[in-house]
Amino acid sequence: MGPERASQPSARVETSGPRETEAHGAALAPTLALGSLVLVSGDLGTGKTTWVRGACRALGVSDLVRSPTFTIARRYSGSVAVAHLDLFRLDSLADEEPGLLEEYFDPAGVCFVEWPEHAGVDLALPVSAAVHISHRGGDRRLIVYGCPEAGWGHRTAGPEVPRR
Ligand SMILES: Nc1ncnc2c1ncn2[C@@H]1O[C@H](COP(=O)(O)OP(=O)(O)OP(=O)(O)O)[C@@H](O)[C@H]1O
Ligand SMILES: [Mg+2]
C-alpha cells in the first residue's frame, strides 16, 4: 500500500436526509490537502451539491453554495479557496477551451467537480478523492468514497470497497 492509499478514506455510508449528507461532506473536507481535486459523481438529484455544501461549510465558506449548473463553476473563499464545478452541460472537455479545468483548479485551494464523467476520460489533473452518491429510495442515499465502481477510484485507492 503506497502512501497515497493510506491517506485516503474509503467507506460507504447511508444517509436518511440532506442534513446527514451535508454532515458527511463536512466530515471529509478537513482531511483534504491543499490542491485537492474531489470528484463527486452520481445520478441526478442524488445530493452531490448537498454534499459539496457541507464540505464547503467545513472549509469556512459562508456564501450559499448552490448548483453551478448554469455557470459551470463558482468560486468561494473560505479558509482556503474553493472552486465548485458542475460539468453536466459539457459533452466533453475536448470541445472546450484547453485548460478550462485548470483555470479553476488552485493548488492552494480545493476543487469539487460534479458530473466528472462529462469531462471525458482525461481530467489532466491528479484526483485526490472520489465520492459517489446513489439513490436508495425516498430520502435515503448511499455515499461511497474512493469508489472503484464509479470509475474514478484508480487515483484515490484505499481498501477495496465491499459490494452488498
Ligand atoms: N439523504 C439525502 N442526501 C442528500 N440530499 C437529499 C437526501 N434526501 C433528500 N435529498 C434532497 O435531494 C435533493 C438533492 O439535490 P442536490 O442538488 O444536492 O443533488 P445533485 O446530485 O447535486 O443534483 P444534480 O444532479 O442536479 O447536480 C435535494 O432537494 C435534497 O434536499
Ligand atoms: Mg448538483
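Helix H3 is largely enclosed by the rest of the structure, because 10 of its 11 residues are buried. A residue counts as buried if 20 or more other C-beta atoms lie within 10 Å of its own, as exposed if 12 or fewer do, and as partly exposed in between, with C-beta atoms placed from the backbone. The structure is a predicted model, in which local features need pLDDT of at least 70 and side-chain atom pairs count only at pLDDT 80 or more, while totals for chains, interfaces and linings use all residues. Residues are numbered from 1 along each chain as its sequence is written, and chains are lettered from A and ligands numbered from 1 in the order in which they are written.

The chain contains four helices and seven strands, where helices (H or I, at least four residues) and strands (E, at least two) are DSSP runs numbered from the N terminus. Along the sequence these elements follow the pattern α-β-α-β-α-β-β-α-β-β-β. Of the 164 residues in the chain, 40% are buried.

The buried residues of H3 are Lys48, Thr49, Thr50, Trp51, Val52, Arg53, Gly54, Ala55, Cys56 and Ala58. Their cover includes H2, strand E2 (36–42), strand E3 (73–77), strand E4 (81–86), strand E5 (109–114) and strand E6 (129–135). After H3 comes glycine 60, with a positive phi near 85 degrees.

Two packed helices are described by the angle between their axes and the distance between the axes. Helix H2 (residues 18–28) packs against helix H3 (residues 48–58) at an angle of about 45 degrees, and their axes are 6 Å apart. H2 is therefore oblique to H3; angles under 35 degrees count as roughly parallel, over 145 as roughly antiparallel, 65 to 115 as roughly perpendicular and the rest as oblique. To this contact H2 contributes Pro18, Thr21, Glu22, Ala23, His24, Gly25, Ala26 and Leu28, and H3 contributes Thr50, Trp51, Val52, Arg53, Gly54, Ala55, Arg57 and Ala58. Two residues are in contact if their C-beta atoms, placed from the backbone, lie within 7 Å. By class, eight residues of the contact are nonpolar, five polar and three charged.

Both H2 and H3 also take part in the shell around ligand 1, each supplying at least two residues. This shell holds 18 residues, of which Thr21, Gly47, Thr49, Thr50 and Asp139 come nearest; a residue is near a molecule if its C-beta atom, placed from the backbone, lies within 6 Å of it. The shell divides into two nonpolar, 11 polar and five charged residues. Ala, Val, Leu, Ile, Met, Phe, Trp, Tyr, Cys and Pro count as nonpolar, Asp, Glu, Lys and Arg as charged, and the others, Gly among them, as polar.

Definitions and conventions: Axes fitted to C-alpha atoms, helices over the stretch in contact; angles between N-to-C directions.
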